[in-house]
Amino acid sequence: MNISRLRWIILFVSFFLLMFGAYAGLYLGSFLPTFSCCYVNTRAGTCFMLTLQQIIGEFTLDSMLVFLERLLYFSILVIILGRAWCGWICPLGFIQDLLDYIRQKLRVGYVRFSEKLKRRLLWIKWTFLSIALFLPVWVAFPVICPGAAINLYIPFCQMCPGKYLLPLCSGNPDRISVNYETATNVFMSTLGLAFSGITFIGSFVKRRFWCSFCPLGLILSWYRKISFIKLKKDDVKCTRCEICYNTCPMEIEEVYKSRGREDVTFSECTLCLKCVENCPEEGALKAEFKIPFVPGITLYKSSFKKFINKRVKKSSATNEVHSQLKN
Ligand code: SF4
Ligand code: SF4
């Protein structure tokens, strides 16, 4: 089985488990490093972003102890899988990949962000993270405008695209509406709806659009150096053909550009392994599972044979379509 198919299967199964696991009595805790949204009633676990905001919003000694415990579980999960949580498990990632798949089938081109633009947009995810970290402090200590503060409970969740897109997929379209209870609610839910619309359209025209702005992905990237799954490059074998860059949904240039660097797991990398799958050079790229002080295990590596097989399959499929059209 090729790695793309395996990733689709895991994404699909994770999506259904995380979205509907409650029907089977499954609950995996409230420290998941992925968008298992608290607004989906049938979810099988809850996103760590919710815990983070709730606990800051309470700001008591007990809540801090609970936070430390959940942070420990969260960290263990991230250390084991790194940002593979984004590339292989996240339900919002699955929706984005599905939209990208539809785009490809419709033969619509996609937009690519330049490196300069990517750097310019970095502030967005930091702003989302600051909202998640600092507005709950106001909820805990509502010295000014306490009426507004109370409605800013879990502020990032209120504007997260997952709040609208995931319940919609779980058969709960009533979430797609403005909350008219207070002026703050109107403001936050309008922002949330706007971000959801932008994410939906953005993911159709740009691969993994939301992942470039996701504050949870930002937190996951801080574990990059200590997480066990690594993307590695053999600089001697790499011919700098740029195929890895062209196939990368996160458009990471550094994989082919970097020189003399073995570990090429950059902070934006979701470990989808599309670059490894498409790299034509035998062993130039590989994914490795590496626990400190123990020799690493190669999970998957680039191979010329796989590269050729893939091209042959693609061209025979194209020829088939052409001959069908002729007939
Ligand atoms: S696809 Fe492989 S050979 Fe080509 S630039 Fe990337 S790592 Fe190097
Ligand atoms: S660098 Fe490779 S593994 Fe990382 S996101 Fe890009 S294609 Fe996927």
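For the residue classes used here, Ala, Val, Leu, Ile, Met, Phe, Trp, Tyr, Cys and Pro count as nonpolar, Asp, Glu, Lys and Arg as charged, and the others, Gly among them, as polar. The model is a predicted one, in which local features need pLDDT of at least 70 and side-chain atom pairs count only at pLDDT 80 or more, while totals for chains, interfaces and linings use all residues. Residues are numbered from 1 along each chain as its sequence is written, and chains are lettered from A and ligands numbered from 1 in the order in which they are written.

We can start with the ligands. Ligand 1 has 14 residues around it, with Cys-238, Cys-241, Cys-244, Tyr-256 and Cys-279 coming nearest. Two or more residues of that shell come from each of α12 (243–247) and α13 (254–257); helices (H or I, at least four residues) and strands (E, at least two) are DSSP runs numbered from the N terminus. By class, the shell around ligand 1 holds nine nonpolar, one polar and four charged residues.

Next comes the sheet, which is open and has three strands in the order β1-β2-β3, with antiparallel pairing (two strands pair if DSSP finds at least two bridges between them). Its edge strands, β1 (229–233) and β3 (297–301), each pair on one side only. From one strand to the next the twist averages 30°, taking axes as lines fitted to C-alpha atoms, for helices over the stretch in contact, and angles from 0 to 180 degrees between N-to-C directions. Strands β1 and β2 are joined by five bridges, and Lys-230 stands opposite Glu-288 in β2. Four bridges link β2 (residues 285–289) to β3, where Lys-301 is the bridge partner of Lys-286.

Finally, the largest nonpolar core has 70 residues, and among those with the most contacts inside it are Trp-85, Phe-156 and Cys-275. Such a core is a set of buried Ala, Val, Leu, Ile, Met, Phe, Trp, Tyr and Cys residues joined through C-beta atoms within 7 Å; a residue is buried if 20 or more other C-beta atoms lie within 10 Å of its own, exposed if 12 or fewer, and partly exposed in between, with C-beta atoms placed from the backbone. Helix α2 (residues 48–58) gives this core its largest share, six residues. Domain 1 (3–220) and domain 2 (228–312) both contribute residues, so the core lies between them; the domain bounds come from an automatic or database domain assignment.

Notes: A residue is near a molecule or strand if its C-beta atom, placed from the backbone, lies within 6 Å of it.
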